[in-house]
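Please consult the sequence and coordinates shown here alongside the text.

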Amino acid sequence: MNRNRFAPDRGLTTRMVVTMFLIGLLYVVFVGALLALLRGSWPLIIVIAGLLFVAQFWFSDRIAAFSMGAREVTPEEAPELHGVVDRICALADMPKPKVAIADSDVPNAFATGRNKNNTLVCATTGLLRRLEPEELEGVIAHELSHVAHKDVAVMTVASFLGILAGVITRIGLWGGFRRGGRDANTAMIAVLVPVVSAVVYAISFLLTRMLSRYRELSADRSAALLTGRPSALASALTKVSGQIAAIPTEDLRASQSFNAFYFAPALSAGATFSKLLSTHPTLETRLEQLSRITTELDRR
């Protein structure tokens, strides 16, 4: 049982279970279809898929931290950030994670790790330079809420399965063509496998985006209730969103692939495709929720 003082969210738990069930079912069908189409390649498909999944599960936190440029820091190197993390962990009654800083002017933060023993919370230098202490506390509480609710691990696994679809397809096609020659069956496989893979990826993508948007709202709510200062979190959200808009587009695009892990998206939904594909709810939606929480707390 996960024991901490972050407000539980049954809606988030239900969505995580349903998302993982649907994605798991989707991949059972996907692998079954590939095995039927690429009979000669099934041992290679199963072995490679298994190894990739194990590697992703065990090393995803290190991969994410490395990709985002996170550098673990000591209390002597970053006393203010460590102090904030210490206070939030004491409030939440949870173990202190590793603390890191990413050298980036993009104001943001993220947390990663599959369990409480290998959790890492990271803030960028751009975020530390722009936020007041109470605003930073709200952001760190938001990130540690993801850890407490275990949705970081779920998002890591769910996101990986989309990548796995493409990898398995390329492996299967490579093995199938090497064994199958250039007959009519090979030509049919060349059409069907990419189509199946694309459909699986698209469904996985939409499912993880829906879960991602809800988990951000859940983390905002839990952080606001834990700190008792929803206005500080709202201020941080407004400030970060406004400052991100001033960052050069090329710098934002370099961070965009990690949007699902960030406190605020590097590029907004309007700047990419549509809100349906966004990893985060709109700023207006998040601020409206924090306003309602402020009203709830005032009535107590």
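Helix 5 is mostly covered, with 15 of its 17 residues buried. Buried denotes a relative accessible area under 20%, exposed one over 50%, and partly exposed a value in between (1.4 Å probe, protein chains only). The model is predicted, so local features need pLDDT of at least 70 and side-chain atom pairs count only at pLDDT 80 or more, while totals for chains, interfaces and linings use all residues. Residues are numbered from 1 along each chain as its sequence is written, and side-chain values use heavy atoms, with hydrogens and water left out.

**Overall architecture**

The protein contains ten helices and four strands; these are DSSP runs numbered from the N terminus, helices being H or I with at least four residues and strands E with at least two. Read from the N terminus, the order of elements is α-α-β-α-β-β-β-α-α-α-α-α-α-α. Of the 300 residues in the protein, 48% are buried.

The expected span is 1.5 Å times one less than the number of residues.

| Helix | Residue range | Length | Span, first to last C-alpha | Expected span |
|---|---|---|---|---|
| Helix 3 | residues 79–92 | 14 residues | 20 Å | 20 Å |
| Helix 5 | residues 133–149 | 17 residues | 24 Å | 24 Å |

In helix 3, the span is close to the expected value, and the span of helix 5 is likewise close to its expected value. The buried residues of helix 3 are L81, H82, G83, V84, V85, I88, C89 and A92. In general, an α-helix has 3.6 residues a turn, so residues three or four places apart point the same way.

How do helix 3 and helix 5 cross? Their axes come within 9 Å and cross at roughly 55°; axes are lines fitted to C-alpha atoms, for helices over the stretch in contact, and angles run from 0 to 180 degrees between N-to-C directions. The two helices are therefore oblique to each other, a class that takes the angles left over when those under 35 degrees count as roughly parallel, over 145 as roughly antiparallel and 65 to 115 as roughly perpendicular. Helix 3 passes helix 5 in a right-handed crossing, meaning that the near helix is turned clockwise from the far one by less than a right angle.

**Backbone after the helices**

Just after helix 3, D93 takes a positive phi of about 55°. D93 is placed in the loop between helix 3 and strand 2 (98–102), and counts as partly exposed at 46% relative accessibility. Just after helix 5, K150 has a positive phi of about 65°, although K150 is not a glycine. K150 belongs to the loop between helix 5 and helix 6 (151–180), and its relative accessibility of 51% makes it exposed.

F263 and E143 lie 120 residues apart in sequence but 7.1 Å apart in space, C-alpha to C-alpha. F263 is found in the loop between helix 9 (249–255) and helix 10 (283–299), and is buried, with a relative accessible area of 0%. V196 and F30 are 166 residues apart in sequence and 7.4 Å apart in space, C-alpha to C-alpha. V196 is part of helix 7 (residues 184–227) and is partly exposed, at 25% relative accessible area.

**Aromatic rings**

R15 lies over the face of Y214, at 3.9 Å from the ring centre; the criterion is NZ of Lys or CZ of Arg within 6 Å of the ring centre and within 35 degrees of the ring normal.
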